[in-house]
Amino acid sequence: METGLFPGYRGERRNLRMATPVVLAHKVWHHIGTWLNKRRVRLCATWDAFAGLGVDAVVASQTLQTCVFATEKDRHTYTLLCDNIRRHGANVVARYTDAFQDPFRVDLIYLDPPWEDTFCPTKPFDFFGKFRALLMFMQNWGRFVVIKTPLLLGPTKPPWDPVYAYRSEKYRIIVWLFDTSPLADAGSVGPLESIDEQDGTNQHGQGDPHVGQMTAE
Ligand SMILES: C[S@@+](CC[C@H](N)C(=O)[O-])C[C@H]1O[C@@H](n2cnc3c(N)ncnc32)[C@H](O)[C@@H]1O
């Protein structure tokens, strides 16, 4: 998939800043898909609540072979999103709406919200408050919740225990996977795994001790 095939991906600074790089989207959904496959989890429906240009929605629909509902509340971005879905012939249904007003009940929810205010040094911003509030709201709408955050947390524990996390130093992000079912045991998924971006070696036993399983690139 070419980056240039996503209108709005190039040329418009506003959209360029917020869109997930296509290469990153492929890595993220490959790792999440592998984790789910190993546990024989099949997804019928996925919801990308903050869809933007739809890079994640399109790649997720192709990688996980799932129908994706995509909500976007900015009119201009929504137009570009629809264009992108059409161009890729993706199994994505877009809706111009506010995610919190119009939620979908699905198997997996993907959250890539704008975190911009996090970086504003003059305004205090409650990062964990937002993280927690998102998770609390979304747990009512899907068993699995995937949240993409900037790489701000360092070794800090997220509000809940994820079952898996994908970390990219290159793109400065962490993608957290939560299993909100009451039976889920975040601590029982095996040894931590860290794949170093530079030399590609496996380093078992390293990474965030709070994360059930961690892949880092
Ligand atoms: C970081 S971008 C998502 C990028 C996306 N993952 C992609 O691949 O293009 C966040 C998007 O969420 C949208 N958004 C923010 N609040 C929203 C809400 N309450 N409901 C729906 N969309 C929202 C913004 O307009 C923005 O397009």
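Me: What should I know about the numbering and the kind of model before we start?
Reply: Residues are numbered from 1 along each chain as its sequence is written. This is a predicted model in which local features need pLDDT of at least 70 and side-chain atom pairs count only at pLDDT 80 or more, while totals for chains, interfaces and linings use all residues.

Me: Thanks! How many helices and strands does the chain have?
Reply: Helices (H or I, at least four residues) and strands (E, at least two) are DSSP runs, numbered from the N terminus. From that end, the elements run α-α-β-α-β-α-β-β-α-β-β-β-β. The chain comes to five helices and eight strands.

Me: What percentage of the residues in the chain is buried?
Reply: A residue is buried if 20 or more other C-beta atoms lie within 10 Å of its own, exposed if 12 or fewer, and partly exposed in between, with C-beta atoms placed from the backbone. The chain has 217 residues, and the buried share is 36%.

Me: Which residues of the largest nonpolar core touch the most other members?
Reply: A nonpolar core is a set of buried Ala, Val, Leu, Ile, Met, Phe, Trp, Tyr and Cys residues joined through C-beta atoms within 7 Å. Strand E7 (residues 173-179) gives the largest share of this core, six residues. Of the 51 residues in the core, those touching the most other members are Ile109, Leu111, Val146 and Leu177.

Me: Why do the buried residues of H4 line one face of the helix?
Reply: Helix H4 (residues 75-88) has 14 residues, and Thr77, Tyr78, Leu80, Leu81, Asn84 and Ile85 are buried. On the other side of H4, Arg75, His76 and Arg86 are exposed. The buried residues line one face because, seen down the axis of H4, they fall within an arc of 160°.

Me: Is Gln65 buried or exposed?
Reply: Gln65 is found in the loop between H3 and E2, and has a positive phi of about 50° although it is not a glycine. Most residues other than glycine have a negative phi. With 12 other C-beta atoms within 10 Å, Gln65 is exposed.

Me: Which residues come nearest to the ligand?
Reply: A residue counts as near a molecule if its C-beta atom, placed from the backbone, lies within 6 Å of it. Helix H3 (55-63) and strand E2 (67-72) each supply at least two residues of the shell around the ligand. Of the 21 residues around the ligand, the nearest are Phe50, Gly52, Val55, Asp74 and Ala99.

Terms used: Expected span 1.5 Å × (residues − 1). Arc of directions from axis to C-beta.
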